[in-house]
Amino acid sequence: MAPSPNIPQEIDFSLFGGAESLSEGKQPSAWLPRRTEIPRPQNLQDIYGQTPRDPSDFLWIMTEEPHRSRRMAIMKAHPEVTKLMGHEPLTKYVVLAVVALQLTMAFLLQHIHPFSWKFIAAAYVIGGTANHNLFLAIHEITHNLAFKGVKANKVMAIFANLPIGVPYSIPFKGYHLEHHKYLGEDGIDTDLPTRPELLCLNNVLGKVFFCTFQIIFYALRPGFVRSQKLTYWHFIGMAIQLSFDFLLAAFVPGGQRMLIYLIMSSFWAGSLHPLAGHFIAEHYVWDSLQQETYSYYGWLNILAYNVGYHNEHHDFPSVPWTRLPALRALAPEFYDTIPSHPSWPMVTVNFIRDTNVGIFARVKRPPRGTKTTPPPAIELDGGCADEGLPASRIETKKREADTVRRRK
């Protein structure tokens with residue numbers, strides 16, 4: 001039936017059928033800019049030609065997280081990938097240098113007022129960058145990638161935590177490993193925003209507030225979503241950190257201002273800082289895609305333990321930061337054909353100003369466990385990132401990979 005000439009073409013009839021949102025029934029706008037890029041694009045229309053998300057809820061899906069299946073495919077295509085697994089001796093020296101840098105900066109600023117522009121600028125530019133580097137050092141150490149032994153890694157994480165000012169390295173380990181094993185599972189993966197965050201922060205001002213204070217959200221959210229069983233390592237970490245803070249503030253001349261510098265550095269590190277863009281870049285859904293993990297391959301990775309190689313890291317958490325570029329080079333057919341971010345700072349800018357991305361833009365799955373029933377045990381990649389896995393198991397996997405490669 002031909003359209004009536006008396007009906008204006010600009011009328012949107014989608015709401016007349018009972019639609020509950022303004023986006024329902026609408027076609028994706030061709031003019032919307034893409035926020036991600038593909039190094040080796042194939043069919044862009046199949047990837048990007050999708051309808052914008054409904055901003056009133058998260059993206060709920062029932063499929064398995066993508067990293068396990070891609071890990072298996074890569075290990076089948078490139079069995080030599082296991083040779084990239086193992087600890088990185090360089091990590092401990094970088095940690096030592098950055099901790100020394102922060103303590104030196106704190107000492108140099110002990111006679112400068114905390115509200116002076118010099119103090120604040122130093123805490124943002126140098127302190128924020130250094131403490132963000134330590135955040136990611138603890139992330140690396142969490143996967144047992146600094147030393148061969150589990151205990152040695154935990155001690156190193158506690159040491160790296162000292163300039164941060166707040167004891168978080170030990171609780172972070174438990175929550176982060178669950179983030180890897182149960183990616184996107186509501187109530188288990190504490191990296192996911194909660195429903196109250198969605199309701200209160202899903203607008204421009206809310207997103208500005210979230211980006212400014214996101215370090216506080218990441219610190220407090222886990223305690224509300226999923227409590228941890230305390231171990232003696234939790235008490236050791238808290239005792240050492242709080243003792244360090246007390247001794248610094250009480251017995252070192254100018255120590256109170258030194259402690260203020262360290263804590264201010266931690267705040268800036270997780271606030272509107274160029275490196276902090278990775279918090280949003282990693283798992284927020286962009287360009288109306290259903291892809292839930294994104295990499296970034298720019299130069300800021302130099303300051304961030306290559307955490308931008310995030311698809312690579314989730315696929316193989318036992319591959320240390322120095323070998324993640326080699327992992328991408330080994331399997332470009334898996335990594336260079338999916339969208340990635342060209343800039344971390346612009347991720348934050350676009351997150352705030354773009355109505356097609358926000359707190360709602362996260363993939364969620366129904367949990368496989370409850371508050372009283374733990375989720376099923378899951379092995380990661382069979383390397384040192386799996387807590388307590390003996391080194392002999394890693395060597396066995398490497399020998400198996402060598403055997404498969406020789407047969408080919």
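Colleague: What share of the 408 residues in the protein do buried residues make up?

Modeller: This is a predicted model, and in it buried residues make up 50% of the 408 residues.

Colleague: How many helices and strands does the protein have?

Modeller: The protein has 17 helices and two strands. As for how the chain comes together, take the contacts between residues at least 6 apart in sequence: 77% of them join residues at least 24 apart.

Colleague: Where can I look at one such place in the chain?

Modeller: Start with L145, which lies in the loop between α4 and α5. With a relative accessibility of 0%, L145 counts as buried, because buried means under 20%. Leaving aside residues up to four places away in sequence, L145 touches G86, H87, E88, T91, E140, N153, P317, S318, V319, P320 and C384. V319 is 174 residues from L145 along the chain, yet their C-alpha atoms are separated by 7.9 Å.

Colleague: Which residues does P376 touch, not counting those up to four places away in sequence?

Modeller: P376 touches Y182 and R368 by that count. P376 is found in the loop between β2 (363–364) and α17 (391–407). Its relative accessibility is 36%, so P376 counts as partly exposed. Between P376 and K181 there are 9.5 Å from C-alpha to C-alpha, with 195 residues separating them in sequence.

Colleague: Which helix gives the largest share of the lining of the largest pocket?

Modeller: That is α6, with seven residues. Each of the helices α4 (117–142), α5 (150–161), α6 (169–181), α9 (214–225), α10 (232–251), α11 (255–269) and α12 (277–281) supplies at least two residues of this lining.

Colleague: How many residues of the lining of the largest pocket are nonpolar, polar and charged?

Modeller: The lining divides into 22 nonpolar residues, 16 polar and three charged.

Colleague: Now the aromatic rings. How do I read a pair of them?

Modeller: A pair of aromatic rings is described by the distance of the centres and the angle of the planes. The count in this structure comes to 17 aromatic pairs. Take Y284 and F351: their ring centres are 5.3 Å apart and their planes stand at 75 degrees, so this pair is edge-to-face. Y284 lies in the loop between α12 and α13 (310–315), while F351 is in helix α16 (residues 344–353), so the pair ties together parts that are 67 residues apart in sequence.

Colleague: Are Y284 and F351 buried or exposed?

Modeller: Y284 has 0% relative accessibility and counts as buried. F351 also counts as buried, at 0%.

Colleague: What is the geometry of the aromatic pair of Y305 and W321?

Modeller: Y305 and W321 are edge-to-face, with 4.9 Å from centre to centre and 70 degrees between the planes. This pair links distant parts of the chain, 16 residues apart: Y305 in the loop between α12 and α13, W321 in the loop between α13 and α14 (324–330). Y305 is buried, with a relative accessible area of 4%. W321 is buried as well, at 13%.

Colleague: Which residues form one aromatic cluster?

Modeller: One cluster is formed by Y124, F209, F210, F213, F217, F267, W268, Y284 and F351. Y284 and F351 are the edge-to-face pair described above.

Colleague: Which residue lies over the face of Y284?

Modeller: R362 does, at 5.1 Å from the ring centre. Elsewhere, R328 lies over the face of Y297, at 3.6 Å from the ring centre.

Colleague: Last, the backbone. What is the phi of S288?

Modeller: S288 has a positive phi of about 60 degrees, although S288 is not a glycine. S288 lies in the loop between α12 and α13, and is buried with a relative accessible area of 7%. Y305 lies in the loop between α12 and α13 too, and has a positive phi of about 50 degrees without being a glycine.

Conventions
Residues are numbered from 1 along each chain as its sequence is written. This is a predicted model: local features need pLDDT of at least 70, side-chain atom pairs count only at pLDDT 80 or more; totals for chains, interfaces and linings use all residues. Side-chain values use heavy atoms; hydrogens and water are left out. Helices (H or I, at least four residues) and strands (E, at least two) are DSSP runs, numbered from the N terminus. Ala, Val, Leu, Ile, Met, Phe, Trp, Tyr, Cys and Pro count as nonpolar, Asp, Glu, Lys and Arg as charged, and the others, Gly among them, as polar. Rings of Phe, Tyr and Trp (its six-membered ring) pair if their centres lie within 6.5 Å; planes under 30 degrees apart count as stacked, over 60 as edge-to-face and the rest as tilted. Buried means under 20% relative accessible area, exposed over 50%, partly exposed in between (1.4 Å probe, protein chains only). A charge sits over a ring if NZ of Lys or CZ of Arg is within 6 Å of the ring centre and within 35 degrees of the ring normal. Contact means heavy atoms within 4.5 Å.
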